[in-house]
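Please read the points below with the sequence and the model open side by side.

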Amino acid sequence: MKVIEKWEPEDNAFWESTGKRIAFRNLWISIPNLLMAFGVWIYWSVIINVMQGLHDGDATLYSFTGPDGNPLTGPSYQALLYTLPAVAGLSGATLRIPNSFMIAICGGRNVKFMTTLLLILPALGTGSALKDPSTPFFTYVLLAAMCGVGGGAFASSMSNINFFFPKRMQGLSLGLNAGLGNLGVSVFQLVTPWIITFGIFGGTSYPLKGSPVWLHNAGFIWAPILAFFGLLAFMAMNNLPQHYQGPALVAVGKYLWLELLGYGGVAVSVWLLLRSKTWGLSGSMELLATLLNVIVAIAVTMTLMRFATPKPTRENLQKQFAIFGNKHNWIMTYLYVMTFGSFIGYSSAFPKLLKDVFGYIHVDEHGAKLADAIVNPNAPDILKYAFLGAAMGAAIRPVGGWLSDKLGGARVTQWDTVIMVAAAVACGWIIKLANASPHPERYFIPFLLLFVLLFATTGVGNGSTFRMIAIIFPKEQAGPVLGWTSAVAAYGAFLIPTVFAMQIKAGTPEYAMYGFAVYYVTCLFLNWWYYARKNAEVKC
């Protein structure tokens, strides 16, 4: 690819004669690469669902042991499987921190190529591990952590596209990159259940509801597709002249070093997560340990980047640390965790939650609680519906931005949050009804519709809060704030599956939804007080 020596997208003559064609070519290649990254990051949401089904049919398949060395069963086994999307979420969110600063020192083409290339490793590893149902659980934990590269890619991808377009087109270009990239979650959730019904990679199949499945396809199938898009990025994308990536090998070295620093934070926090599961924590102490994990991951990663990065990166970081002295950075981070954190967290947990709520019967015909839940023979085919929520949340995100342009971001966020509170409470109530019924499938459609509505509100809120950041902060701080908020919000992919696991194990999954609703109420007040009410500090 020809080296670009001049890049001035704000110059109309340059943009129309040269820049527009190059910028859109980079965007159209960036989108499928980001879509694949999101898909690999979140594919554990489908894999654990099928693992659970195969284990229900034959307890020797994908059997895992607890701290006492005995095989896990019932709610303990169900809760354990949530660990995999949670670890992938923890890893992806943490890796967004170094990814926020990569483009300027590694080059956009180099970062995109290396990110997609690295994702081939967990795809092949996941396929190999799933091919052998006796693979230890810790192997899956390592592979889930490796998939975090896909979650981290969002920050570098958005930063890269931001440089290509003039300011008047950044809303459209970033919206297309983010919205279509997010669709990777639902694409993988839709396609994976179908992909595993063919023996295209050989190996042994196992019966699921009377039909053979080759679960290892869920990893292997993506490797050649990733290779294609990675090669396309290398051949047809561009590094820009205002970046300081240096020779390709040097840029690759810097990229790998920053990813390694991010994995320092991932390693410490995942170790803490696994250790905390042996401490017998429950209730508020378990929730506290979960939040501590997030703080440790951020602190370790930021410390490593502060003291173990090359000088140019360190100087860049010190300038951008100014955002931490602005209280609105923290408020908007809190609000964006509500919107994007909920979107990505629910995306990780939704398929498994559907199975746990509607795939098992907990009471007899008289409403008396059973000693052990039994498989519901009338359960709906969960995997046919699992993709709907993420698809709605991703597709409606541009609508949130458009509405905010017309009505104001704070006003849209305010009413959106009201609906989020109501939908979360209603979902919790239906979970309670389903768990107390010998026919939980009767509550499936209302629950599905309400949860898709909840996903829609997360998408609208993603668009409206991003619009608010552009208004609240000066130009030099808006970029770093976007990167920081997206990194912290991505921890929703860790927090929400972990909270569901805690409540599934306790037998009260509805409490998770009630807890999220309480958090949304606090967001409602903050948004109203600082941004939405008459005489608010920053009307936006």
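1. A salt bridge here is a side-chain nitrogen of Lys or Arg within 4 Å of a carboxyl oxygen of Asp or Glu. The model is a predicted one, in which local features need pLDDT of at least 70, side-chain atom pairs count only at pLDDT 80 or more, and totals for chains, interfaces and linings use all residues. Residues are numbered from 1 along each chain as its sequence is written, and side-chain values use heavy atoms, with hydrogens and water left out.

2. How many salt bridges does the structure hold? There are two. One of them joins glutamate 537 to lysine 327, with 3.1 Å between the closest N and O atoms. This pair links distant parts of the chain, 210 residues apart: lysine 327 belongs to helix 15 (residues 327-358), while glutamate 537 sits in the segment after helix 22 (510-532). Helices (H or I, at least four residues) and strands (E, at least two) are DSSP runs, numbered from the N terminus.

3. Are the two partners buried or exposed? Buried means under 20% relative accessible area, exposed over 50%, and partly exposed in between (1.4 Å probe, protein chains only). Glutamate 537 is partly exposed because its relative accessibility is 45%. Lysine 327, at 39%, is also partly exposed.

4. Another salt bridge is formed by the side chains of aspartate 356 and lysine 352, at 3.1 Å from N to O. Both residues lie in helix 15, four residues apart, which is about one turn of the helix. Aspartate 356 has a relative accessible area of 3%, so it counts as buried. Lysine 352 is buried too, at 0%.

5. Leucine 353 is also part of helix 15. Its relative accessible area is 0%, and therefore leucine 353 is buried. Which residues does leucine 353 contact, leaving aside its neighbours within four places in sequence? They are Tyr82, Phe447, Phe451 and Phe500, where contact means heavy atoms within 4.5 Å. The C-alpha atom of leucine 353 is 9.7 Å from that of alanine 386, a residue 33 places away along the chain.

6. Strand 3 (residues 360-363) pairs with strand 4 (residues 369-375) in the antiparallel sense, over three bridges; two strands pair if DSSP finds at least two bridges between them. Tyrosine 360 stands opposite valine 375 of strand 4. The two strands form a hairpin with five residues between them. In the turn, glycine 367 has a positive phi of about 85 degrees.
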